[in-house]
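Biologist: I would like a close look at a single part of this model. Please take one residue and describe its setting with care.

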Amino acid sequence: MASSIEGPHRGRPRAPAPDGRRSAAPVRGRGRLPMPVLALLVAVFLTGCAATTGSTAGESSPTAAAPAAVAPTVTAPWAAGAPGNTAAGDGTPGTGAPGAEDTARSRTGPGAHPDTPAPLGDLGPRTLALIPGDTRQAVVVTGRGRDANRSEAVLYRRTVSGWEAGTAWPARNALNGWTDHHLAGDLRSPIGVFTLSDAGGLLPDPGTLLPYDESPGFSIDGTGFMGEPLAGSFDYVVAIDYNRVPGTSPLDRTRPLGADRGGGIWLHVDHDGPTQGCVSLEEGHMRQLLLALDPGQHPVIVMGDAGSLSR
């Protein structure tokens, strides 16, 4: 099966009014008004037009503020979380999906200039340039170091005032860290910006808007690098569009770049150990992410070590 965890896969049994302006009605009076009075009335009228037709800071459309789009094969964005679902579905504050707050109201930090768009993490210009202009959700996975297998994931949502960050989630990546040129078996996760198009898992669809493939093909057994059991790792997965065909099941093994470039790079459930190339999250967070991602927002994942993403 297509996955970044290799080796034999054996199935296991299993059974989300008034506006302050004076009236425009004509004022009748006798005789002609003095010139100073006429000048004052004209000034008041012109000021009122400017106030009603002028634009307000921070009201520019998200499209106008979008970075230039590039080839969608490597993509990812500025955007913050999604509906505030929790793993248990109890709406407990602080446990919801990243960006769970209502973004109908634009928010800026204390002292922030309202005309300055909120940035997307600590991403550098080269990385930002890879994010499509129509992206409104971005999962940013930042590794602790080039050779480290621990990282942090944040779902951003793009608003009229910039990118809003959701809750930071602990994550893991490949055993040997990160690479700009992923190869099959190198035990490194690919660095880049990639679209997120399809999901699936051994468990039933929790209610995601992404196409979802529930299949026994997501069964896995055996142990990981730390001797941890791998069972349940693919209960929920989101395919990362690296060397795959978007619009197909995560299990599809088509490799447009060739088999030597690896594939089956997923977001999946954490098994308490490093992966072979994927990014893993705790099961509750994976479920929240599935409920948050919306294909209409053109979601992407931006992934790599902090130094590489800052380029």
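This is a predicted model: local features need pLDDT of at least 70, side-chain atom pairs count only at pLDDT 80 or more; totals for chains, interfaces and linings use all residues.

Which residues does Pro 190 touch, not counting residues up to four places away in sequence?

Modeller: Leaving aside residues up to four places away in sequence, Pro 190 touches Trp 178, Thr 179, His 182, Tyr 242, Ile 265, Gly 277 and Met 303. One of these, Thr 179, is 11 residues from Pro 190 along the chain, and the C-alpha atoms of the two are separated by 5.2 Å. Pro 190 counts as buried because its relative accessible area is 2%, and buried means under 20%. For the chain as a whole, 44% of the 311 residues count as buried, while the protein chain exposes about 15,300 Å², of which carbon and sulfur atoms supply 57%.

Asp 294 may be set beside this residue. Asp 294 is found in the loop between helix H3 (283-292) and strand E11 (300-305), and at 22% relative accessibility Asp 294 counts as partly exposed. Again not counting residues up to four places away in sequence, Asp 294 touches Gln 137, Leu 209 and Pro 299. The C-alpha atoms of Asp 294 and Arg 136, which are 158 residues apart along the chain, are separated by 9.2 Å.

Notes: Residues are numbered from 1 along each chain as its sequence is written. Side-chain values use heavy atoms; hydrogens and water are left out. Buried means under 20% relative accessible area, exposed over 50%, partly exposed in between (1.4 Å probe, protein chains only). Accessible areas come from the Shrake-Rupley method with a 1.4 Å probe; for residues, only the protein chains shown count as cover. Contact means heavy atoms within 4.5 Å. Helices (H or I, at least four residues) and strands (E, at least two) are DSSP runs, numbered from the N terminus.
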